[in-house]
Amino acid sequence: MHLGQEEQFLSYNGEVLIFHLSKTKHVEGAADKTMNLCVRRMVFDRDTKLFVQKSSGVFNMRASHLKIEIICCSCTTDSRTGIILPCILMKKKKRNNVVKYLLLLLHSSNQFEQSFHFKLDYEMKEDIRLFPGPSVLWRHACKLFYISSDTCTVVSAPVQLSSVVWTGEIEDEGTVVLGIRTASLPESEDEDEFSTSDRAIWGREFFGYAVETQKILTGTCFMPHAYSRVVSSVYVCKNEMLKQQLRISLVAITHKNQLIWFQDGLPKGVCDLPYEKPCSVKTAVTSSNGLLFIVSFAAGNICVVQRRDSLQVASKWQKVKSVLVDDFIGSGSEQLLLLFKDDSNTDMLSTFKITDLGEVNYASDINYKHDVPTVEGLQENGLQTVQALETRLQAGRTSVRELQQHLRLKKRVILESCRALIDLVEERTHILPTAKKVKCKREGLVCLWDDVENPPHSLSKETSLASKIPEHFTEKLWQRVVGDSLVVGVKLTESFYLSLSDVSLSLVMDQDFSSISPIIKCRNKIIKLNKAFSALSVSSCQIEPPPKKMKLDLHGKNDLKKEFPKRCSRVRPDGAKTVIAVTNLSPLLAFHRVCCIVLLHAKKQNRRNDSLQESKKITVLCGKIFLSLEDISNEKYSVKMLRDNNYFTGSLEDIVAVLAVSVRFSFQIMSSDCTLTPVNSWLLGEMECIPFKECHDNIFCHKTGSVYGTVFNWTAKNPFEGILTLFCRNLTVLFQCLHSLTRFLPPRCDLKLLRSGSKDVLTEQLALALEKEILTLRSSFFSKESKAENSLTQGNEPGKKISDSPVASLLDSEEGVQQFRKKLQNEREECVLSMNQTMNGALYQKIALKIAEAQLSSDMIVWRL
């Protein structure tokens, strides 16, 4: 633009940048004249509702015998840093018709940087665009030219076009120029016949050109060829590659004064524009109205189109000099800044309007004085706000300190409880903390054991119970490392195991770590360990069903079990004698050397006189295991599976370790018209399985790939039915095995996933569990019911009950009726009183715990059934 023309406006990060040229004062004796490119950063002040200057900058240029103009300005990406910066294209025209162009970058410090410059023997006038790099693109004599900061060389694109309608980024294509050119019919017959005939009819086509790759994009993915004769400007709203196909959403304005929405090359909506000669279209994303399309017209008119159910004109303005889109008020969404023409005022920002067509609406011609409080009021409100914020800050700091203090206290209590548990199982005397300790006293921590005269579960009681446990209750304690899992097994003696139920293991680190909990989270399994064991004897722990109601452990005995969510809930006394604990190995190796105490948790069964079993929870020390990173590196505890002719050899502990870390699935296979002999062929042939030497029923898959290490067990009930059990690492391996199996099975063959336990056994267990639940309810409330009946009998005088008197004789007279009514009322009140008998809290806790345990057992069996 020439000197003295209007200023250039650009929005950048919520600021309004105003660029203009000014001539410096002439100094005597100076040979050259200097021209200054000035910039002012303006921000919107929400208090005064006006734009105020934030900062300014100047760029000096020598202008001897030259005409300097600002061609255009835009925000583009600097390829060196990836930061979007304001970019200004300047023009210096010399006398010999040589035109020099400069591309300047404006940094946040208001310092201008010359990115590059170039010279042309003509002036750029058509379709000048700035795009990332920064780069400049223009059209001259139906040819496309561009230059970037990387090469600083003008490049002529190998395409001819009559107009450029959009320049921007397309996914996987880089910078793309959308333009319109004369239709060129392809010589090959590979092109679509409809597209070819369409281009021949209309004579023009819409196409895309990728600048970096020099690739031509077909125009049908943007819009049909018929629209190429009427489209004047385009804005691409969204583009993405989906299933190797370019998906594009765009809006276009036409010479017919229409705005058209295109989705994947097809028109989806049209809107008639209120003014003639539309020039350009851009978008704004507002908080209240979503996506808005802003259309500018040649006569200085603006309209906004909303896209809801259809395209509709939402608002329009006239005599608009410029429209900018940015977050000017700092609300987190975009607004429109309309700068209106005002001949009476030279400052363009004096007449403006900020709106999002919703709640935001600021205008320069609105008087906001009645909204602005006085200075004294502002100071008073500010002081009260600061005081309120200080009070909230102090309260927040106090809450944080109390929370930190509570966490420290909770941590010490947990660690002290763990130390007490370790001392208990190792039969050491544990010294309980007392209130005389300084730290505990400061935190308000006192010992509850000192305040209880007769605790229900004292240390002496636990010691007496532990003394009844036989000395040699474990036959063997072993450990194995399988992948990233540590497997610990305890083989119990037959006599000791038969008196237990709900058996499980836990691992506790013997070291004194003050920053972590010494309890190691693990999952348990119970395995029948003998040389003829079947795969069905491995009872993996099941996830509990969703609880119908909260069942509390009122004595707090199950707190430790909360650390082991997958622990088995029931053990059958018919031969399962090895208890397995599996935990992650990598957290333990962080300590390099670790010693873990192995604890066994169980319920010890006692026979009562009424033939019911009463269980008491016990914790037994099984021993210690030692683990170090050096042992793992030397494969000291690794599973060793060796092939000996037609068998795999390995200890039973190795086999059990492999089964313990695997997931067990059982399938019932039934065939109505063919035998199931292909199953054996599939196991021994396709899956390359070899049986274990120690237990022939289980076969080990050594096929290369992800299925390696899978253990199979095939039990044929008859030639047409059998059960296939798989022990695999994960579900992916399971699906691979089933996919391979289905190719070998007969066509009419059914596979059914089996749950743990047979239907008949679970039905019998459910009957016994329901019977136990009924007996528990009856025995728990029998004493209370008897007491209520006795109190009811005592309340009625003997010989004076209603049933003792003839009812007919009482109803003969009015006095008899009143007497009968009074006796009936007394008996009703006594019944109510008998039902509202109070109960001791300890007795209620004991009854509630027994009922909850019985209901939990029956609910578990119902879920499995």
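A nonpolar core is a set of buried Ala, Val, Leu, Ile, Met, Phe, Trp, Tyr and Cys residues joined through side-chain atoms within 4.5 Å. In this predicted model, the largest such core has 30 residues, and those with the most contacts inside it are Leu486, Leu492, Leu500, Leu505, Val598, Leu600 and Leu627. Two or more residues each come from strands S30 (485-492), S31 (500-509), S35 (578-584), S36 (593-607) and S37 (613-628). A second, separate core of 24 residues includes Val679, Leu683, Val733 and Leu734. In soluble globular proteins, nonpolar side chains tend to be buried together.

Charged pairs come next. The whole structure contains 19 salt bridges. One of them joins the side chains of Arg40 and Glu7, at 3.8 Å from N to O. Arg40 is in strand S3 (residues 34-45) and Glu7 is in the segment before strand S1 (8-12), 33 residues apart. Arg40 is partly exposed at 22% relative accessibility, and Glu7 is partly exposed at 24%.

Asp127 and Arg139 form another salt bridge, at 2.7 Å from N to O. Because Asp127 lies in strand S9 and Arg139 in strand S10, this pair ties together parts twelve residues apart in sequence. Arg139 has 11% relative accessibility, so this residue counts as buried, the cut-off being under 20%.

Lys491 and Glu475 are bridged as well, with their closest N and O atoms 3.3 Å apart. Lys491 belongs to strand S30 and Glu475 to strand S29, so the bridge connects parts 16 residues apart in sequence. Glu475 is partly exposed, at 45%.

Note on methods
Residues numbered from 1 in each chain as written. Predicted model: local features only at pLDDT ≥ 70, side-chain atom pairs only at ≥ 80, totals over all residues. Heavy atoms only, no water. Buried < 20%, exposed > 50% of the residue type's maximum accessible area, 1.4 Å probe, protein only. Helix = DSSP H or I, 4+ residues; strand = E, 2+ residues; numbered from the N terminus. Salt bridge = Lys/Arg side-chain N within 4 Å of Asp/Glu carboxyl O.
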